[in-house]
Amino acid sequence: MAGFILTQARVATIVSGDAPYGMIEDAAIVIEAGRVVWVGAKSDLPPDHAKLESRPLDGRLITPALIDCHTHIVFGGNRAREFEMRLEGATYEEVARAGGGIVSTVKATRETDEDTLLTDALRRVDALLAEGVALIEVKSGYGLDTETELRMLRTARRIAKMRDVRIVTSFLGAHAISAEYAGRADAYIDEIAIPTLRAVHAAGLADAVDGFCEGIAFTPAQIARVFAVAGELGLPVKLHAEQLSNLGGAALAASHGALSCDHIEYLDEDGIAAMATAGSVGVLLPGAFYTVRETQLPPVQGLRDAGVPIALATDCNPGSSPLTSLLLTMNMACTLFRMTPEEALTGVTNNAARALGIDDCGTIAPGKRADLAVWDVEHPAELSYRIGFNPIHARYFAGTT
């Protein structure tokens, strides 16, 4: 593909520096072979690039394409009835203990064939792509048996063949205890989660390993056994931690060099310190916070003070966060968690890439993929400010719209 230049644009590079958002006014971006080869003020454009085709953008804003770094976007069925139950007063934990929650989605997912899983997932994926998303993380965890976990991850890999999007996958076998193993969590870890992890790895279907460390799921000791096997297989780990209580899951995950600790509403100072030492990213999920009507705010200021990068994601799932909008996620993070619009945009670009262990996107800089979003806005704060409004003008995926 011949190179070209995007001109007449304002560029939020999300590269740390003196300017908020890494902003460059009257900027130009030179793209060749799907990569950014130069970015800067148009007046500084090197002469050897000046002969390339120019594509003016009439003053629009360019940001890195967005990244959704925590989703459960492949699943069967829905949980609208449980939504009603929660509105009637049932807590998330009460719904789960009554046989709803994750277990009900497991039943529906086991009964759904791969092609249907794919068709349904693509509808949700398309909503994200329409908002400038170019990279999505997809978890398993609604199978809780080897066959269905493999089917979910195969489906996730197929998404990237059907759409212009990068997909990274996380094996979440330690998501819940299946009905067949009720009351036997240790047996489930030994007989299902770990053998399935080995099968998933042998099939090349997982980029990372996740778990749910919580009173309604697994203890730190049980998660540690899964993480030990992940380490043996050379797979990085991440963890749903401190969502409903503080079991010390984040500190455990950090001790295994976790890419991220996610949810973390009940994270304490020790957990923050462990994450800071390990370089783990804190992934906040305001959609789940909103849907389950949580009141415990994540320790945003503590994360800031410790220098822990903060990412944001939809947590798209059928129960606690049926959300397919990263733009709304950004607004929620600002409104509910008092994050700044710059933190929100960084959270769905640079820090989201870091949460996935990926370093070739998330900012606009030479050598990075030309995954870009072009917006009909005057200032990047508008992306967090508006509610239910999508100002996307164009999405570039490896330099192609």
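Ile 264 is buried, at 0% relative accessibility; buried denotes under 20% relative accessible area, exposed over 50% and partly exposed in between, with a 1.4 Å probe and protein chains only. The place of Ile 264 is the loop between strand E10 and helix H9 (269-278). Helices (H or I, at least four residues) and strands (E, at least two) are DSSP runs, numbered from the N terminus. The model is predicted: local features need pLDDT of at least 70, side-chain atom pairs count only at pLDDT 80 or more, and totals for chains, interfaces and linings use all residues. Residues are numbered from 1 along each chain as its sequence is written, and side-chain values use heavy atoms, with hydrogens and water left out.

Contacts of Ile 264 were examined next, a contact being heavy atoms within 4.5 Å. Residues up to four places away in sequence are not counted. Ile 264 touches Ala 241, Glu 242, Met 275, Gly 282, Val 283, Leu 284, Pro 298, Pro 299 and Leu 303. Leu 284 is 20 residues from Ile 264 in sequence. The C-alpha atoms of this pair are 7.1 Å apart.

His 263 lies in strand E10 (residues 260-263). The residue is buried, with a relative accessible area of 3%. Its phi is near 85 degrees, a positive value in a residue other than glycine. Most residues other than glycine have a negative phi. Arg 293 also has a positive phi, of about 55 degrees, although it is not a glycine. Arg 293 lies in the loop between helix H10 (286-291) and helix H11 (300-306). Is Arg 293 buried or exposed? With a relative accessible area of 59%, Arg 293 is exposed.

Asp 186 is found in helix H6 (residues 185-202). At 38% relative accessibility, Asp 186 is partly exposed. Asp 186 touches Gln 222 and Arg 225, with residues up to four places away in sequence not counted. Val 30 is 156 residues from Asp 186 along the chain. The C-alpha atoms of Asp 186 and Val 30 are separated by 54 Å.

Helix H12 (residues 326-337) has twelve residues. At 1.5 Å a residue, H12 should span 16 Å; the expected span is 1.5 Å times one less than the number of residues. The end C-alpha atoms of H12 are 15 Å apart, which agrees. Nine of the twelve residues of H12 are buried, so the helix is largely enclosed by the rest of the structure. These buried residues are Leu 326, Leu 327, Thr 329, Met 330, Asn 331, Met 332, Ala 333, Cys 334 and Phe 337.

The secondary structure of the protein comes to 15 helices and 14 strands. The radius of gyration is 21 Å, close to the 21 Å that the globule rule gives for 401 residues, so the protein is as compact as a globular protein of that length. This radius is taken over C-alpha atoms, and the rule is 2.2 Å times the number of residues to the power 0.38. Along the principal axes, the C-alpha trace spans about 70 × 40 × 40 Å. Buried residues make up 59% of the 401 residues. Among contacts between residues at least 6 apart in sequence, 71% join residues at least 24 apart. The accessible surface comes to about 15200 Å², of which 51% belongs to carbon and sulfur atoms.

Note on methods: Areas by Shrake-Rupley, 256 points an atom, 1.4 Å probe, with all protein chains shown as cover.
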